[in-house]
Amino acid sequence: MAMKAYTVVLSKNPGSNWYSVSCPALPGAISQGRGKPETLRNIQEAMEGWLEVSLENDTYPLEETPEVIAEWIREILQDRAEEGWDLLVETALVTPQVAVPAA
């Protein structure tokens, strides 16, 4: 098992410094934070918890493909459009400090 970086999607909440963040390859690994640094630390922690539980349950992350990431972003942008928010999201790479099981 090895450490692996995953793409995360950040979505800034209008009128504030708060961000929501999620990891497409780890469904349910979501978090938020005030400012990007805090948000990225929080999602790293959520991802580490997701991976630790996956090891216990013999489950695996999704294969991170452009299609998986694009679909995730499409859903976020659709939600933002429905709220009347700008259609801006950002991606970043985060490496959880937990070894990733091979499928």
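Asp86 is partly exposed, with a relative accessible area of 41%; here buried means under 20% relative accessible area, exposed over 50%, and partly exposed in between (1.4 Å probe, protein chains only). The model is a predicted one, in which local features need pLDDT of at least 70 and side-chain atom pairs count only at pLDDT 80 or more, while totals for chains, interfaces and linings use all residues. Residues are numbered from 1 along each chain as its sequence is written, and side-chain values use heavy atoms, with hydrogens and water left out.

Asp86 pairs with Arg80 in a salt bridge, their closest N and O atoms lying 2.8 Å apart. The term describes a side-chain nitrogen of Lys or Arg within 4 Å of a carboxyl oxygen of Asp or Glu. Arg80 is buried, because its relative accessible area is 3%. The side chain of Arg80 also makes a polar contact with that of Ser11, at 2.6 Å (a pair of N or O atoms within 3.5 Å; within protein, one must be able to donate a hydrogen and the other to accept it, and residues adjacent in sequence count only if both atoms are side-chain atoms). Ser11 is itself buried, at 8% relative accessibility.

Across the whole structure, three salt bridges are found. One of them joins the side chains of Glu90 and Lys36 (2.9 Å, N to O). This pair links distant parts of the chain, 54 residues apart, with Glu90 in strand 4 (residues 90-94) and Lys36 in helix 1 (residues 36-57). Helices (H or I, at least four residues) and strands (E, at least two) are DSSP runs, numbered from the N terminus.
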